[in-house]
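Reader: I would like to go through this model from single residues up to the whole chain. Please show it, and then I will ask.

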Amino acid sequence: MPAEPVAPPAVTEDDPGGRTARRLVTVVALAAVLPALYLPGLVHDFFDLKIYMRAMDWWAAGHPLYDYVQPDRVQGALYFTYPPFAALLLRPFALLPLGATIAIFTVLTVVGVVVTTRWLVLPVVRRHDLPGLFTVTVAVLLVLAVESTRETLTFGQINMLLVVLILGDLLFGVPQGRRWAGVGVGLAAALKLFPGIFVLYLLATRRWRAAAVASLTAALATLLAAAVAPGDSWRFWTHELWATDRVGRTDYTGNQSLFGLLSRITAPEKPSQLPWLLLALLVAGYGLWRAARAARAGDALVGLTLTGLVGGLVSPITWTHHLYWFIPAVVVLVDAALDADRDTVAEARRRRWLLGLAIGTGFVIIYGVVTFQDWGVAPARTDNPGEFVTGNAYVLLSLLLLAVLPTRRPVSERVDAATGNLH
């Protein structure tokens, strides 16, 4: 009698070989998509970094730093707009060949992405017992896919340095009460004005010492620059700081701030200052109130994420590469969804809502607002709902997250809740 054929063993969830193969396929597939996402941005050709280096050459030749100007077909005349302290740190790079400077900035940005993504994701991995290496690798690839990261890399921007300083300070230094807490925020604010919003966050959360350290650090860095370049420093703080037209058109779609949204409604005229100021104050007050509540509840990540979103909304100019803060927002949404109890209808519904919002946010920030759409060169008024939504996608998404981003319970409470001992 012939032997019965033996069926091959079924692949189950417990099969380590099959699980490894699926993870490998996922990583390879994500990595394979990245070149297609970066291809449109290659036309930037490190445009911003080249402006910085040419401005440093101009400055080294004895010319006033803030007289440097470079024409641009979309923005018109572009100038060096960073504070003098940033110029001090950039000037040594002008001694290197441009290719070496580009390579250094690119490597540092990628390293910054890896480091900060690990900081954000590893606590989620530990809380939910996820596969560590696989989860972090997928997260890094997704962060590299986001438009703000792509724009940072292809323009040659310094944003990831600022993110490293801010996250290191607010995730570790401040919560752990370190003596150096506030130094990172202060240095970031001295390098670029946007991070100054995090000093307000420290004040709102009553972290008086950290706020004082941040303010003192920023002041000392600014005074150091003033000692080296007194004329340029005086000019920046008394005049160039207030000239928003030096950094480009406010109505350009790449400006994803409240002022940019209003500018696109009123283009080619600029919007009235008073309505914008009132709206900015309202958004800043609400956002910082929510951020302070989250921090007092023990969720530092939500607090700093809300603050970053506030900064992007209220700044007159917020380019797409400034908006890193959607990335920690997605981490918070996924973590809160995984933490939701599946056994009750309300919690199951909440879980689906959080996951849906995380996926939707991820789609918006990966597709972006400028990478795959040509918005033209001339100022154009937003006059239909479709253009209003697509042209202000980051502004609208920031407002939504400002209202609904959940504050997560401290880890100790989650453990007690799981065992029925919540107190």
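Reader: Is Asp-48 buried or exposed?
Author: This is a predicted model, and Asp-48 is found in helix α2, residues 47–60. The cut-off for a buried residue is under 20% relative accessible area. Asp-48 has a relative accessibility of 13%, so it counts as buried.

Reader: Which residues does Asp-48 touch, leaving out those up to four places away in sequence?
Author: Contact here means heavy atoms within 4.5 Å. With residues up to four places away in sequence not counted, Asp-48 touches Phe-155, Gln-157 and His-321.

Reader: How far apart in space are Asp-48 and Val-389, C-alpha to C-alpha?
Author: In sequence, 341 residues separate Asp-48 and Val-389. In space, the C-alpha to C-alpha distance between Asp-48 and Val-389 is 28 Å.

Reader: What is the relative accessible area of Asp-45?
Author: Asp-45 is found in the loop between α1 (16–38) and α2. Although Asp-45 is not a glycine, its phi is positive, about 50 degrees. Asp-45 counts as partly exposed because its relative accessible area is 40%.

Reader: Is Arg-206 buried or exposed?
Author: Arg-206 lies in the loop between α9 and α10 (208–228). Arg-206 is not a glycine, yet it has a positive phi of about 60 degrees. The relative accessible area of Arg-206 is 58%, so this residue is exposed.

Reader: Which residues does Thr-318 touch, not counting those up to four places away in sequence?
Author: Thr-318 is in the loop between α14 and α15. With a relative accessible area of 0%, Thr-318 is buried. Not counting residues up to four places away in sequence, Thr-318 touches Gly-254, Asn-255, Gln-256, Ser-257, Gly-311, Gly-312 and Leu-323.

Reader: What is the omega of the peptide bond from Ala-267 to Pro-268?
Author: Pro-268 has its place in the loop between α12 and α13. The peptide bond from Ala-267 to Pro-268 is cis, and its omega is near 5 degrees.

Reader: What covers the buried residues of α13?
Author: Helix α13 covers residues 273–296 and reaches 34 Å from its first C-alpha to its last, close to the 34 Å expected. Its buried residues include Trp-276, Val-283, Leu-288 and Arg-290. What covers the buried residues of α13 includes α9 (197–204), α12 (258–266), α14 (300–314) and α18.

Reader: Which helices do the buried residues of α16 pack against?
Author: Helix α16 has 23 residues, so at 1.5 Å a residue it should span 33 Å, and its end C-alpha atoms are 33 Å apart, which agrees. Among its buried residues are Arg-351, Leu-354, Leu-357 and Ile-365. The buried residues of α16 pack against α6 (147–155), α15 (326–339) and α18 (393–404).

Reader: Which residue takes a positive phi just after α16?
Author: α13 is followed by Gly-298, with a positive phi near 95 degrees. Just after α16, a positive phi of about 85 degrees is taken by Gly-368.

Reader: What is the radius of gyration of the chain?
Author: The chain has 19 helices and two strands, and its C-alpha trace spans about 95 × 55 × 45 Å along the principal axes. A compact globule of 423 residues would have a radius of gyration near 22 Å; this agrees with the value for the chain, 23 Å.

Reader: How far apart do the centres of the positive and negative side chains lie?
Author: The chain has 34 positive and 29 negative side chains. The centres of these two sets lie apart by 6 Å.

Technical notes. Residues numbered from 1 in each chain as written. Predicted model: local features only at pLDDT ≥ 70, side-chain atom pairs only at ≥ 80, totals over all residues. Heavy atoms only, no water. Helix = DSSP H or I, 4+ residues; strand = E, 2+ residues; numbered from the N terminus. Expected span 1.5 Å × (residues − 1). Buried < 20%, exposed > 50% of the residue type's maximum accessible area, 1.4 Å probe, protein only. Rg over C-alpha atoms; globule rule 2.2 N^0.38 Å. Lys, Arg positive; Asp, Glu negative; His and termini not counted. Charge placed at Lys NZ, Arg CZ, Asp CG, Glu CD.
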